[in-house]
Amino acid sequence: MELLIVAVFVAGYILIALEHPIRINKTATALLTGVICWTIFILSGPTESLLHSTEYSDLAESLSHGSSGATGDMEVHREYVIHSLREHLAEIAEILFFLIGAMTIVELVDSHRGFKFITDRIRTTNARTLLWVICWVTFILSAILDNLTTTIVMVSLTRKLVPNRDTRLFFAGLIVVAANAGGAWSPIGDVTTTMLWIGGQITAVSIVKSLIIPSIVCMLIPLLVLSFTMKGTLGEGKAPGSDEKAPPTANLMLAVGVSALVSVPIFKTLTHLPPYLGMMLGLSVLWVVSEFANRDLDDSQKGHFTAIHALSRIDMPSVLFFLGILLAVASLQSMHLLQDFAIYLNDTIGDNRVIITLIGMLSAIVDNVPLVAASMGMYSMDIYPTDHLIWEYLAYCAGTGGSLLVIGSAAGVAAMGMEKIDFIWYVKRITLLAAVGYFAGAATYLFLTHQ
Amino acid sequence: MDILIIVVFVAGYVLIALEHPIKINKTATAILTGVVCWTLFVFMEPGPLLSDSKAFKDFQDVLSIERTPEDVAAAPADELHKEFVVYELNEHLASIAQILFFLLGAMTIVELVDAHRGFRYITDRIRTRNPRTLLWIVCFVTFFLSAILDNLTTSIVMVSLIRKLISDKETRLTFAGMIVIAANAGGAWTPIGDVTTTMLWIGGQVSTAAIITSLFIPSMICLLIPVLFLGFRLKGKTLEVAEPVHTATDVKGGRLMLFLGIGALVSVPVFKTLTHLPPYLGMLCGLGILWVVSEVMHSGLDDIAKKNYTVAGALSRVDVPSVLFFLGILLAVGSLESMQLLNEFAAFLDRAIGDQRIIITLIGVLSAVVDNVPLVAASMGMYSVDTYPMDHMIWEYLAYCAGTGGSILIIGSAAGVAVMGMEKVDFIWYLKRISLLALMGYLGGALAYVLI
């Protein structure tokens, strides 16, 4: 039965990777994979390795004491499956509501053209200076916002500033590298680091401290190499900011939105409540502010600026994709397959650091969210406590490894869609730079923690 | 501190009710209320009400298994309180998430069928010109449709139908009012027809077969009484009917999507019975299948033309603000429950009123004024499943009352609000013409349930 579930999981994964050629949306596949895995799990009996696990025997014991009278093997198994599904759902829901909140806040700021305040300030026509400015702005912006939005904002900026298409592709490639590097070191910057933070594997202050330098190195090396090859001035682009006028509330929304995002870790530290509540608090405050700020507009003008409109534009298919794929990974975890796999990896490879470096590289091919979810299931918090090296290193590797291929991260896929970046072009021109950055950052992290 | 949280909760509730005059969306208020309640809860000093409660003792037992009993005994009281709050919040989130993902799946399926104009295969079949016959047909179609679909969609589909069939405004308003009653009555008796019955089903308070057998007749009576009365009033009238206009062209696969969509919705209870897994998984499974079918069916279209007919397009039209509203308000109710305030309130009601049937009937009437979702969530927190087991009378009666009581006022249910928006039904007009009929139906059905 274990084999069947693993087969379903792998088949689902292959279909997800082949999304474009077979033209079946990956969210549909992910949802079906998640549901089928759990269905097989509950209908089959407990496996050997499950029967010997402590969670299972604890539950069986507490059931035999309880009044429910569930004593048959199948009934205990059923109770165990439903119980662990419920626990996983709570964890998954924390991540998804966090994401929905964050995406809505960013979307609401964007619909007020709040990011123009930042992008309008970039006016240089010197190619090398512009590259530096754009990479740093992307790096810092993506530490606060999600990588996807940052990439979209920055790539649309280069469209206005860089008329030459070839040069612009290099800019887009480095924006992908910078966005991924910038997301890795902050708990709110990137889905995988956020997952580790919500799960309690890392804390806000220490992840920032340990990963900021490796992440900077990861971006800086490709940036340095490229800035040698890039010279001269860019032709006259369209003057930025002349085409769309920002509403008067733009700066207010930017200020409130960014403060809402930044105060989420503070909220968690003060109240000990999970981060999604802080995000929801920020969203509702921003929502009320936007209703007050646009009070004078009539309903038809207001439509575009409301949170309702922002909610209809957020990427719900991605949220459901995460739901499906995280449910599927959770089923493997509940069956104790991930723990067994971790033991197997330890036996064959040995060093955790090598394993995690490989996971990072693997994340260029497969989605990093299930990879991190699987790693969280593989290693127990009892052995590797909060802020242990493997969690921080995992946050770095899973966050930045995706830059190796253009399809390896949400930022890359967005840039690919916007600028029609060719897969092969990226492999030839950017992949090597990204790989050098990735390994240099990894080496920096390992060196620093050895001090 | 208890008082402060209650004040915040009530203030939030008042602001939600005043959504339109103060022009602040109720979702924003609900989320804010939920977060503030939990924040106050985590900072409050636990009183005897909490530290002597069964929930707190259970929590300590769970903790004693994870760590050692000595560790738990040695932990400082405020540490323990914080952990208790986070633990309770996590439990509530798991229950809430089950409801919300269920709703998200159901709404997306319905939206997808609608995007394919699937419901036209039902509405196109209604062609009669006799107002009495039409009333009976419209009410019964609404009743059975809303048993499968959510009440909101059902009323939107049916009201757009009568717009094409009835040109006289006054008659049309009466029909719209009856659609509200029929949609609410039809939703009450199936586990997938209505948010509140679904909540009780997901929470394990009612089971599929039992709720259908005990509530079908009361719900039917709740609809029949108003229909019979109105039937007399409409006697002898004829309708000046405009030829039913086909405003939109057919979409490829409309009929297939209708069958698959209804099949997916109806098989959710079957899925639960067979696998014992929670209903939201069945709903997501149905959504996944529909998604694949729609992609394969439209694979010939280019991306832009396809957008309308894919789940991605449907998801952008789904009512996410309502989902977040439920998240906020259910979190707020959850905080009151974890503070043991709802238990206390139930004990108080028992002392003051006594008979639970009266209390629940009043809850139903109250649901015409305030949203029925938090009311049912609060009732689920007030009464324990240990004392009142699955399919106990109070749960079934609660499902009936909370489901149908909202028809008494036009603002009392999602169906009513939708109809009000579509047909500009006036609050006072509804109060004069429909409320009394709805009330008679409500009490008639309630009586039928209690007698049976």
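Domain bounds here come from an automatic or database domain assignment. On that basis, chain B of this predicted model splits into domain 1 (2–89) and domain 2 (92–451).

**Chain B as a whole.** Along the principal axes, its C-alpha atoms fill a box of roughly 80 × 55 × 45 Å. Of its 452 residues, 50% count as buried. Among contacts between residues at least 6 apart in sequence, 81% join residues at least 24 apart.

**Between the two domains.** Colour domain 1 and domain 2 of chain B separately. Their centres, taken over C-alpha atoms, are separated by 31 Å. Where they touch, 21 residues of domain 1 are in contact with 18 residues of domain 2. On the domain 1 side, select α1 (2–17), α3 (26–43), α4 (48–51) and α7 (77–115) of chain B, the elements that give two or more residues. The largest share, nine residues, comes from α3(B). By class, this side of domain 1 has 13 nonpolar, five polar and three charged residues.

**Between the chains.** The contact takes 40 residues from chain A and 39 residues from chain B. In chain A, select α3 (26–43), α6 (73–111), α14 (275–293), α16 (307–313) and α17 (316–334), each of which gives two or more residues to the side that touches chain B. That side of chain A has 26 nonpolar, six polar and eight charged residues.

Key
Residues numbered from 1 in each chain as written. Chains lettered and ligands numbered in written order. Predicted model: local features only at pLDDT ≥ 70, side-chain atom pairs only at ≥ 80, totals over all residues. Buried ≥ 20, exposed ≤ 12 C-beta atoms within 10 Å, placed from the backbone. Contact = placed C-beta atoms within 7 Å. Helix = DSSP H or I, 4+ residues; strand = E, 2+ residues; numbered from the N terminus. Nonpolar A, V, L, I, M, F, W, Y, C, P; charged D, E, K, R; others polar.
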